[in-house]
Amino acid sequence: MSSTVENSKEVDNVQVKLEAHNPFGKGQSRRPLAEQVRECEQRWASEILKEAASSENPVNLLLAGDICDRGYGMMADKKEAKKWWTKACNASPVASEHAWATKDAQKRLNQN
């Protein structure tokens, strides 16, 4: 046999082995990393928003506000963020200090 034919058979054998060990299933390929990160952000945001809605935990309330403000896993919504931050401020004086510090830091960043 010629070396080209032998090389072709080796490539075919490697391809068959790779397909057999494909964790994504037959005929499936990897998804882009950006898509996977977006899905993770959506799941994380959804979980935090559910937790915040069902509790008065100031940490979850502040996180919910940050998620809404910055648009992690969703479209940014300043009104919704303000609602969560206000709820956090009412739940804890420490949360109130954090919310104001965050707001001041954002203003400083936006000025530069």
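Contact here means heavy atoms within 4.5 Å. On that basis, 38% of the contacts in the protein chain between residues at least 6 apart in sequence join residues at least 24 apart. The model is predicted. The protein chain contains five helices and zero strands. From the N terminus on, its elements run α-α-α-α-α. Of its 112 residues, 20% count as buried.

Helix α3 was examined in detail. This helix spans residues 58-70 and has 13 residues. From its first C-alpha to its last, α3 reaches 18 Å, close to the 18 Å expected at 1.5 Å a residue. The buried residues of α3 are N60, L61, L62, A64, G65, D66, I67, C68 and D69.

Two packed helices are described by the angle between their axes and the distance between the axes. Helix α4 comprises residues 78-91. The axes of α3 and α4 come within 7 Å and cross at roughly 165°. The crossing angle is over 145 degrees, and α3 is therefore roughly antiparallel to α4. The crossing is left-handed. On the α3 side, the contact is made by P58, L61, L62, A64, G65, D66, C68 and D69. On the α4 side, K78, E80, A81, W84, W85, K87, A88 and A91 take part.

Helix α2, residues 33-53, also packs with α3. The angle is about 135°, and the axes are 9 Å apart. This angle makes α2 oblique to α3. The crossing of α2 and α3 is likewise left-handed. Helix α2 contributes W44, A45, I48, L49, E51 and A52 to the contact. Helix α3 contributes N60, L61, L63, A64, I67 and C68.

The two contacts share part of α3. L61, A64 and C68 take part in the contact with α4 and also in the contact with α2.

Methods. Residues are numbered from 1 along each chain as its sequence is written. This is a predicted model: local features need pLDDT of at least 70, side-chain atom pairs count only at pLDDT 80 or more; totals for chains, interfaces and linings use all residues. Side-chain values use heavy atoms; hydrogens and water are left out. Helices (H or I, at least four residues) and strands (E, at least two) are DSSP runs, numbered from the N terminus. The expected span of a helix is 1.5 Å times one less than its number of residues. Buried means under 20% relative accessible area, exposed over 50%, partly exposed in between (1.4 Å probe, protein chains only). Axes are lines fitted to C-alpha atoms, for helices over the stretch in contact, and angles run from 0 to 180 degrees between N-to-C directions. Angles under 35 degrees count as roughly parallel, over 145 as roughly antiparallel, 65 to 115 as roughly perpendicular and the rest as oblique. A crossing is left-handed if the near helix is turned anticlockwise from the far one by less than a right angle, and right-handed if clockwise.
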